[in-house]
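I opened this notebook to keep track of what I looked up, one entry at a time. The entries begin with a single residue and go on to a helix, the rings and an annotated domain.

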Amino acid sequence: MDELSIQPSGLFMQTDFVTVESESLLIDILASLEWPARPGRRSLHYGYTFSYKTFGIDQDTPYKPFPDWLLPLLPPTEAHKPDQVCVQHYPPGAGIPPHVDTHSTYDQLYSLSLGSPVIMQFRDGGSGERVDVDLPARSMLQLSGNSRLHWTHAIRARKTDTLQDGTVRPRQDRWSITYRWLREGATCECGNEKLCDTAQERKGIAKEYRWKNETDETSRNS
């Protein structure tokens, strides 16, 4: 994987992580799964279940083994299998609010994009600087370092994306597979009191930040 020559640092991408033929077979498998019966973005979880209220682990849901079709898609760059995998379906117009995955719970993240390409927005938690990153179909993205800890990431809820050259690209159905590893020791030493739950806990700061409230509201309305 190659690091992208943009801010934030720590973004690595491998295009064509799977072939066009493999992508087509995978989408057929994903479309046949038993998805939650609700509009908008839908999710399925393997290993530990991701919590959309805490952005950590849902402690009330038992561990679910990885299905056979998922095993060949695990990133080959890590020493052991991920602890949590989230498969998501984004119909046209669906998105996800700005957020960071809980620092104390998870280490770096990987995400495989299938189907429609999409623009993911990164925002600096300090300066507010925004960077748009285009995620091609079949690409694997790694979030580490600054991109993982000090910038939020999001997908705007809209039916088109405007590219740098002004082209308006309609969205179609998209699937993503996100891989997460638990952080050893369950503490983060980044010191970011705005985005890091470890730093907030040490300072006695209440965990009532805007992106979490937006996500809770999205969960109630979905």
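**Entry on Arg123.** I began with the accessibility of Arg123, which comes to 36% in relative terms, so the residue counts as partly exposed, since that class lies between the limits of 20% for buried and 50% for exposed. I note here that I am reading a predicted model. I then placed Arg123 in the chain and found it in strand β7, which covers residues 118-124.

**Entry on helix α1.** I turned next to α1, a helix of 12 residues at 20-31, and found that from first C-alpha to last it reaches 16 Å, close to the 16 Å expected at 1.5 Å a residue. Which residues of α1 are buried? I found Glu23, Leu26, Ile27 and Leu30, and they sit on the same side of α1 because the arc they cover around the axis is only 105 degrees. I reminded myself that an α-helix has 3.6 residues a turn, so residues three or four places apart point the same way. On the other side of α1 I noted Glu21, Leu25 and Asp28 as exposed. I then asked what covers the buried residues of α1, and the cover includes the strands β4 (84-90), β6 (106-115) and β13 (174-182).

**Entry on the rings.** I looked for aromatic pairs with ring centres within 6.5 Å, and the count came to four. I examined the pair of Tyr48 and Tyr63, whose centres lie 5.1 Å apart with the planes at 85 degrees, so I recorded the pair as edge-to-face. Both tyrosines belong to the loop between β3 (42-47) and β4, and they are 15 residues apart. Tyr48 is partly exposed at 31% relative accessibility, and Tyr63 is also partly exposed, at 45%. I looked as well for charges over rings, and found Arg180 over the face of Phe50 at 3.8 Å from the ring centre, and Arg174 over the face of Tyr90 at 5.2 Å from the ring centre.

Last, I consulted the unreviewed UniProt entry, which annotates residues 81-183 as "domain: Fe2OG dioxygenase". Over that stretch I read 56% strand and 5% helix, with the end C-alpha atoms 13 Å apart.

Terms used: Residues numbered from 1 in each chain as written. Predicted model: local features only at pLDDT ≥ 70, side-chain atom pairs only at ≥ 80, totals over all residues. Heavy atoms only, no water. UniProt positions renumbered as here; feature names shortened; annotations may be inferred. Helix = DSSP H or I, 4+ residues; strand = E, 2+ residues; numbered from the N terminus. Expected span 1.5 Å × (residues − 1). Buried < 20%, exposed > 50% of the residue type's maximum accessible area, 1.4 Å probe, protein only. Arc of directions from axis to C-beta. Contact = heavy atoms within 4.5 Å. Phe/Tyr/Trp six-rings, centres within 6.5 Å; stacked < 30°, edge-to-face > 60°. Lys NZ or Arg CZ within 6 Å of the ring centre and 35° of its normal.
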